[in-house]
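Reader: I am new to protein structures and would like to learn how to read one. Could you walk me through it, feature by feature?

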Amino acid sequence: TNAKEIRLVDLDDDGVDRAFRADVLTGLAQGQKAIPARWFYDERGSALFEDITGVSEYYPTRSETEILESRGAEFAELIGPGRAVVEFGSGSSVKTPLLLSAIKPDAYVPLDISGDFLRAAAADLSAKFPHLSVYPVEADFTKKVELPAEVASTPKLGFFPGSTIGNMVPRTAVDLLREMRKTLGDGAMLLIGMDLIKDTDVLEAAYDDAQGVTAAFNLNLLERINRELSGTIPVEKFRHEARWVDIFARIEMHLVAQEDVSFTVSGREFAMQAGETIHTENSHKFSKRSSNTLLLAGHWTPVEHWTDARRRFSLILANA
Ligand code: AVI
């Protein structure tokens, strides 16, 4: 691979991730305590997220895969061959091959902040598509990324599946879409997944499955804080909650203290009253119009919308 040896994670002398500590300490000091969802994804969190994609209540992965499986001919017609597919986040073993088989690109450029995930995904895709040129880039794609010289003159297709854009508040989502537009350049297209607004019961169940996998995923953040930031959070006194917040059209995940608790993190003291929560994730849901508005604000022009048979999830193609 041509992945550069750049340090994207800033560790202090004790090996503590400075950004993680800063986000946790700031977030726990706020009135409504909140910790950014990006910190879910340590090794165990990433494994739990994989498990979530398999539970029966969590429909987004299955719905999006259904669209990718059934619309290949339309992707081929509207996108055409000969592009460089730039995937924001390392490709999953299922979705990316479906797209690559459908449109026959010249090159595949996975971008990820984690070199380990990136190399695993690149090796996986190279094995599946031996004739495809694969150029992994270790990068923070929330900023404009310098793509490899080998694809400089190849038109790009950005691929951002999974409705990960929904984990950002609209302001951040718009900033990201604009940076993606800069990364991909003139003549680019973008294929992006956005989860649709639907029945509250279906949404809340998707984020609070009966097996408790999502609960374990949420609570793992507290375990991570205890382990990496010398925390003393009594994890067993917290419970997972997923709630639909209609005004923002989003599912919010919280960790609810079930009794008064006090604990320390990195030597700082915190207290929470029974019922008080730590807000850990937003997962915004969209209508056709709200997704179009978000894309337009992000400097992309929508071209086509596809949904699965049950109209639960959308995949949208847009032009630069
Ligand atoms: C990664 N992201 C799109 C997932 C979502 O649906 O918002 C994360 C997730 N959180 C709980 N379940 C899944």
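**Reading the model together**

Author: Let us start with the ligand: 14 residues surround it, and the closest are Tyr58, Asn167, Tyr207, Glu281 and Ser283. A residue is near a molecule if one of its heavy atoms lies within 4 Å of it. This is a predicted model, in which local features need pLDDT of at least 70, side-chain atom pairs count only at pLDDT 80 or more, and totals for chains, interfaces and linings use all residues. Residues are numbered from 1 along each chain as its sequence is written, and side-chain values use heavy atoms, with hydrogens and water left out.

Reader: Which polar side-chain atoms lie at 2.5 Å or 2.7 Å from atoms of the ligand?

Author: A polar contact is a pair of N or O atoms within 3.5 Å; within protein, one must be able to donate a hydrogen and the other to accept it, and residues adjacent in sequence count only if both atoms are side-chain atoms. Here, an N or O atom in the side chain of Tyr58 is 2.5 Å from an oxygen atom of the ligand. Tyr207 also has a polar side-chain atom 2.5 Å from a ligand oxygen atom. For Glu281, the polar side-chain atom lies 2.7 Å from a nitrogen atom of the ligand. The protein buries 96% of the 340 Å² that the ligand exposes when taken alone. Such accessible areas come from the Shrake-Rupley method with a 1.4 Å probe; for residues, only the protein chains shown count as cover.

Reader: Which helices and strands each supply at least two residues of the shell around the ligand?

Author: Helices (H or I, at least four residues) and strands (E, at least two) are DSSP runs, numbered from the N terminus. At least two shell residues come from each of helix H2 (43-52), helix H9 (213-228) and strand E12 (277-284). Sorted by class, the shell has seven nonpolar, six polar and one charged residues. In this sorting, Ala, Val, Leu, Ile, Met, Phe, Trp, Tyr, Cys and Pro count as nonpolar, Asp, Glu, Lys and Arg as charged, and the others, Gly among them, as polar.

Reader: How many residues does the largest nonpolar core have?

Author: In soluble globular proteins, nonpolar side chains tend to be buried together. A nonpolar core is a set of buried Ala, Val, Leu, Ile, Met, Phe, Trp, Tyr and Cys residues joined through side-chain atoms within 4.5 Å. Buried means under 20% relative accessible area, exposed over 50%, and partly exposed in between (1.4 Å probe, protein chains only). The largest nonpolar core in this model has 40 residues, and those with the most contacts inside it are Leu222, Ile225, Phe238, Phe263 and Val265. Elements giving two or more residues to this core include helix H1 (18-29), helix H8 (200-206) and strand E8 (238-245). H9 gives the most, with six residues.

Reader: What does Ile225 touch?

Author: Contact means heavy atoms within 4.5 Å. Leaving out residues up to four places away in sequence, Ile225 touches Phe20, Val24, Ile35, Ser230, Gly231, Ile233 and Val265. There is also a second, separate core of 32 residues, with Val86, Ala107, Met194 and Phe286 among them.

Reader: Is His254 buried or exposed?

Author: His254 counts as buried because its relative accessibility is 1%. Its place is in strand E9, and its side chain makes a polar contact with the side chain of Thr277 at 2.8 Å.

Reader: And where does Asp42 lie?

Author: Asp42 is in the loop between strand E1 (33-34) and H2. It counts as buried, since its relative accessibility is 10%. The Asp42 side chain reaches the backbone nitrogen of Gly45 at 2.7 Å. Beyond residues up to four places away in sequence, Asp42 touches Asn220, Arg224 and Arg227.

Reader: Is Ala271 buried or exposed?

Author: At 54% relative accessibility, Ala271 counts as exposed. Ala271 lies in strand E11, and its C-alpha atom is separated by 50 Å from that of Leu100, 171 residues apart along the chain.

Reader: Which residues other than glycine have a positive phi, such as about 50° or near 75°?

Author: Two examples are Lys104, with a phi of about 50°, and His299, with a phi near 75°. Lys104 lies in the loop between helix H5 (95-103) and strand E3 (107-112) and counts as exposed at 55% relative accessibility. His299 is in the loop between helix H10 (288-297) and strand E13 (301-307); with a relative accessible area of 44%, His299 is partly exposed.
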